[in-house]
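I opened a structure that was new to me and kept short notes on what I looked up. Here they are, in the order I wrote them.

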Amino acid sequence: MKKSLGALLVVVVILAVIVLERTFTFRSRQPQTAPVAVEPLDTAALAQRLAGALRFKTISYQDSSQFDAREFDGFQRYLRTTFLKLHAALKLEKVNGYGLLYEWPGSDPSAPPIVLLAHQDVVPVEPGTETRWTEPPFEGRITGGYVWGRGALDDKGSLVGLCEAVEHLLGAGAKPRRTVYLAFGYDEEVGGRRGAARIADLLASRNVHPEFVLDEGGALTNGLIAGVSAPVAVVGIAEKGYVTVGLTAQAEGGHSSMPPDETAVGILAAAILRLEHDQMPRAIRGPTAAMFDYLGPEMSFGPRLVIANRWLLGGLLAQKFGATPQGNAMLRTTTAPTVLQAGVKENVLPSSARALVNFRILPGDSVEGVVEHVRRAVHDSRISVEPLPGQMTNASGVTSVDAEPFQLLARTIRQVVPGAVVTPWLVVGGTDSRYYARLTPNVLRFVGSAIGKDDLRRVHGMDERVGVQAYADAIRFYLQLLRNAAL
């Protein structure tokens with residue numbers, strides 16, 4: 001007995017030594033760089049120009065017949081009359097009608113170009129909520145230190161901010177060493193197949209292989225990362241895949257006064273419950289593992305110990321981090337029933353019932369694996385399981401954090417926002433950048449604007465807005481990025 005206790009004590013001591021050693025040698029991965037001087041900008045004029053862009057209802061509807069060409073024409077005319085230097089110096093190509101591809105030629109043809117993305121379109125305002133906005137969604141008002149309107153965050157703030165940065169540099173006589181492309185799609189909110197996909201096709205046909213591509217998908221966050229008091233710049237190095245699976249249950253129909261033991265609706269409901277209960281497994285890997293590697297050293301001793309010793313405490317970390325919907329989405333392929341269809345009258349038993357279940361696919365999982373998981377979890381011959389055709393993609397590749405583009409972006413952020421913590425990030429939604437992955441392994445997702453907890457609900461929701469100062473800081477980020485990467 002004493003020998004067993006002694007052996008156990010030795011094991012505990014060895015584990016403690018290993019855990020502490022890994023904790024104390026868990027070093028910061030933040031690049032050391034000197035801050036740059038704050039670029040003097042006319043923040044009021046910047047805000048006014050963004051406000052003007054928000055007044056155009058460049059809305060993407062699921063029904064493409066609702067596309068309002070007049071609004072897009074007006075918005076593009078606004079860009080031409082607002083950014084005169086840009087339109088005089090850069091070559092502009094219209095792609096598939098309303099896609100915009102600007103080329104700012106560099107002096108060194110051997111240097112791979114960079115491609116900076118944004119999108120012109122916005123999501124609709126939910127009918128009936130217009131009067132509940134603090135400021136009207138399409139009037140571009142500036143009040144309380146904010147620019148209000150649909151698109152302020154997603155994604156006209158990025159698009160107009162990029163134009164401002166180029167216009168500013170042209171005014172200072174800048175000429176790039178490497179070519180810079182600005183690529184602005186017009187249907188990102190409904191999949192990007194007519195805009196970004198066609199622009200990427202055009203670049204591919206010209207054998208363009210960028211040094212890196214930068215799109216939306218990450219931001220400078222305040223108060224969103226528990227355990228880190230400094231601003232945290234989350235840089236997307238990958239994004240999840242997407243598939244919607246249709247479940248159709250078949251059963252005998254008839255009069256509701258004589259229902260069978262199991263109806264089509266009941267069979268389908270039970271299947272959905274099984275799917276929600278038997279979800280795909282959690283995993284700390286890829287971008288999420290890289291995120292912990294970057295955040296852990298910036299935290300206090302307790303969280304740092306857990307993160308540094310995932311080999312021993314990974315289950316505890318996954319359980320705690322995955323307790324919120326946001327954390328859970330970064331650890332697994334998520335399951336979300338979104339549409340139910342059955343019945344034509346309250347006293348008629350439907351002979352079929354259908355559900356659509358949306359899955360956002362974790363890097364390392366696949367569309368095929370998701371469909372097989374659904375069939376296995378449902379396990380009912382009365383239910384057909386089929387993925388919906390159309391938008392169906394595996395997760396993107398993962399950009400290396402050791403590659404120069406990520407490191408350059410991290411240095412740029414810390415030059416403009418000294419003290420910010422930069423971390424890799426998994427984007428749980430989808431962006432236009434996925435169409436450019438075949439052109440380069442270095443696809444990054446970050447906008448320079450700062451956001452807080454209250455802003456997350458505003459994206460695609462009510463009261464979308466961006467701070468006047470935050471918007472100016474985003475332009476300062478784009479300016480420094482262009483200087484570091486292209487000039």
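Entry 1: I started with Asp 463, whose place is in the loop between α14 and β19. Helices here are DSSP runs of H or I with at least four residues, strands are runs of E with at least two, and both are numbered from the N terminus. Asp 463 has a positive phi of about 60° although it is not a glycine. Is Asp 463 buried or exposed? At 10% relative accessibility, Asp 463 counts as buried. (Buried means under 20% relative accessible area, exposed over 50%, and partly exposed in between, with a 1.4 Å probe and protein chains only.)

His 460 sits in that loop too, between α14 (453–456) and β19. I read a positive phi of about 70° there, and His 460 is not a glycine either. His 460 is partly exposed, with a relative accessible area of 43%.

**Entry 2: ground rules.** I noted that this is a predicted model, where local features need pLDDT of at least 70 and side-chain atom pairs count only at pLDDT 80 or more, while totals for chains, interfaces and linings use all residues. Residues are numbered from 1 along each chain as its sequence is written, and side-chain values use heavy atoms, with hydrogens and water left out.

**Entry 3: a cis bond.** Next I looked up the peptide bond that joins Asp 154 and Asp 155: it is cis, with omega about 10°. Asp 155 belongs to the loop between β5 and α5.

**Entry 4: the cores.** A nonpolar core is a set of buried Ala, Val, Leu, Ile, Met, Phe, Trp, Tyr and Cys residues joined through side-chain atoms within 4.5 Å. Which members touch the most others in the largest one? Of its 67 residues, Leu 116 and Leu 214 do. Helix α15 (residues 468–485) gives the largest share of this core, ten residues. Apart from it I found another core, of 24 residues, including Leu 247, Leu 275, Phe 359 and Val 374.

I then listed contacts (heavy atoms within 4.5 Å) for Leu 116. Leaving out residues up to four places away in sequence, Leu 116 touches Leu 162, Val 180, Tyr 181, Leu 182, Ala 183, Phe 184, Phe 212, Leu 214, Leu 481 and Leu 482.

Entry 5: I checked the length of α2 (residues 43–54): at 1.5 Å a residue, its twelve residues should span 16 Å, and the end C-alpha atoms are 17 Å apart, which agrees. (The expected span is 1.5 Å times one less than the number of residues.) Its buried residues are Leu 46, Ala 47, Leu 50, Ala 51, Gly 52, Ala 53 and Leu 54. Their cover includes α3 (69–82), α5 (156–171) and α15.

Then α8 (residues 286–295): nine of its ten residues are buried, so α8 is largely enclosed by the rest of the structure. The buried residues of α8 pack against β9 (232–239), α9 (301–308), α10 (310–321), α13 and β16 (421–427).

Entry 6: On a 1 Å grid over the protein atoms alone, a cavity is a set of points where a 1.4 Å probe fits but cannot get out; a pocket is an open set with protein on both sides within 12 Å along at least five of seven lines; lining residues have an atom within 4 Å of a point. Points are joined across faces, edges and corners, and a volume is the space filled by probe spheres set on them.

How many cavities of 30 Å³ or more are there? The count comes to two. The largest holds about 50 Å³, and Leu 116 and Leu 214 are among its lining residues, along with Asp 215, Glu 216 and Tyr 478. β3 (114–119), α5 and β7 (212–215) each supply at least two residues of that lining.

The second largest cavity holds about 40 Å³. Among the residues that line it are Ile 59, Asp 63 and Arg 194. Asp 63 is in the loop between α2 and α3, and is partly exposed at 40% relative accessible area.

Last, the second largest pocket, with a volume of about 280 Å³. Of its 18 lining residues, the closest to the centre are Val 416, Val 417, Asp 473, Arg 476 and Phe 477. Helix α15 turns up again, with the largest share of this lining, six residues.
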